[in-house]
Amino acid sequence: MPEIDFSQFGEIETQPLTKINKLTGQFLHRNWVTVPHVTQFDEADITELEAFRKQLNEEHKNEGIRVTVLAFLMKALVSALKEYPRFNSSLDATGENLVLKKYIHIGVAVDTPDGLVVPVIRDCDRKSLVELANELIEASVKARDKKLSPADMSGGCISISSLGGIGGTAFTPIVNAPEVAILGVSRASMQPVWNGSEFEPRLMLPLSFSYDHRVIDGAQAVRFTTYLGERLTDVDALLQAIP
């Protein structure tokens with residue numbers, strides 16, 4: 001971009017980028033220009049899931065346990081990655097082979113005053129909802145206290161960027177390469193849904209699923225988000241996959 005003296009148009013103030021801003025900017029720019037992105041949008045009915053989540057937290061409130069929707073999303077992703085292992089892969093350095101991973105580590109984007117960081121929660125397929133919920137809290141605290149190490153932010157298989165606590169209806173998250181996909185989540189809202197005979201209020205969660213088109217095609221992505229939505233809707237099926 002050409003250098004522009006913005007002061008010629010009016011009063012300005014210059015603020016330096018944080019170290020995290022600079023590193024994140026370089027990383028995201030590299031991913032954006034090297035990965036052919038496509039984003040699939042979908043919705044999941046989480047009416048029963050939210051009711052169960054509130055009940056679970058009420059039952060364990062004296063223990064200080066607080067399970068968020070994010071923990072359920074991680075469990076649903078575990079199930080989906082097992083069903084569609086191609087999404088749990090990376091291209092090798094030649095770009096001619098897929099490295100399929102037998103472990104499931106999930107990165108979770110955390111907003112901090114200094115910028116965005118993505119700590120990785122390991123072995124999500126071996127942990128309970130409560131264990132995941134507790135690790136999410138610990139990772140968020142470490143992120144905001146600037147105590148995350150490079151090892152804490154490496155080795156992810158897929159990432160989640162959740163903006164539901166802020167708002168929005170949809171967005172296009174950038175793939176966290178060398179991962180091949182990232183799940184974006186916006187704020188859930190009550191919507192009238194036709195059940196075959198009448199409209200009924202259902203809590204719908206917007207999903208924005210970006211993927212590397214070199215590895216995943218559109219049909220595969222739709223099958224993945226459809227399966228993910230079914231798992232989030234069917235709490236019983238989701239709980240069967242939880243240790």
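Axes here are lines fitted to C-alpha atoms, for helices over the stretch in contact, and angles between N-to-C directions run from 0 to 180 degrees. The structure is a predicted model. On that basis, helix α3 (residues 69-83) and helix α5 (residues 218-233) pack at about 135°, their axes lying 9 Å apart. Helix α3 also packs with α4, at an angle of about 120° and an axis distance of 9 Å.

**Packing of α3 with α5**

- The crossing in which α3 passes α5 is right-handed.
- On the α3 side, the contact is made by F72, L73, A76, L77, S79, A80, L81 and E83, and on the α5 side by F224, Y227, L228, R231 and L232.
- By residue class, this contact of α3 with α5 holds 10 nonpolar, 1 polar and 2 charged residues.

**Packing of α3 with α4**

- Helix α4 covers residues 129-144, and its angle to α3 is about 120°, which makes the two helices oblique.
- α3 and α4 cross in a right-handed sense.
- The α3 residues L70, A71, F72, M74 and K75 meet L129, L132, A133 and L136 of α4.
- The residues of this contact of α3 with α4 comprise 8 nonpolar, no polar and 1 charged.
- F72 of α3 takes part in the contact with α5 and is also listed in the contact with α4.

**Helix α2**

- Helix α2 (residues 47-59) consists of 13 residues, and its span from first to last C-alpha is 19 Å, close to the 18 Å expected at 1.5 Å a residue.
- Buried positions in α2 are T47, L49, E50, R53, L56 and N57.
- Elements covering these buried residues include the helices α3, α4, α5 and α6 (235-240), together with the strands β1 (37-45) and β11 (199-212).

**Cis peptide bond**

- The peptide bond that runs from A177 to P178 is cis, and its omega is near 15°.
- P178 sits in the loop that joins β8 (158-162) and β9 (181-185).

**Positive phi at non-glycine residues**

- D123 is not a glycine, yet its phi is positive, at about 50°.
- This residue, D123, belongs to the loop between β7 (120-121) and α4.
- The relative accessible area of D123 is 25%, so D123 counts as partly exposed.
- K146, also not a glycine, has a positive phi of about 60°.
- K146 is placed in the loop between α4 and β8.
- K146 counts as exposed because its relative accessibility is 61%, where the cut-off for exposed is over 50%.

- With a relative accessible area of 31%, S154 is partly exposed.
- Leaving aside residues up to four places away in sequence, S154 touches V120 and R122.
- S154 and A219 are separated by 65 residues in sequence, and their C-alpha atoms are 29 Å apart in space.

How values were computed. Residues numbered from 1 in each chain as written. Predicted model: local features only at pLDDT ≥ 70, side-chain atom pairs only at ≥ 80, totals over all residues. Heavy atoms only, no water. Helix = DSSP H or I, 4+ residues; strand = E, 2+ residues; numbered from the N terminus. Left-handed = near helix turned anticlockwise from the far one by under 90°. Contact = heavy atoms within 4.5 Å. Nonpolar A, V, L, I, M, F, W, Y, C, P; charged D, E, K, R; others polar. Expected span 1.5 Å × (residues − 1). Buried < 20%, exposed > 50% of the residue type's maximum accessible area, 1.4 Å probe, protein only. Parallel < 35°, antiparallel > 145°, perpendicular 65-115°, else oblique.
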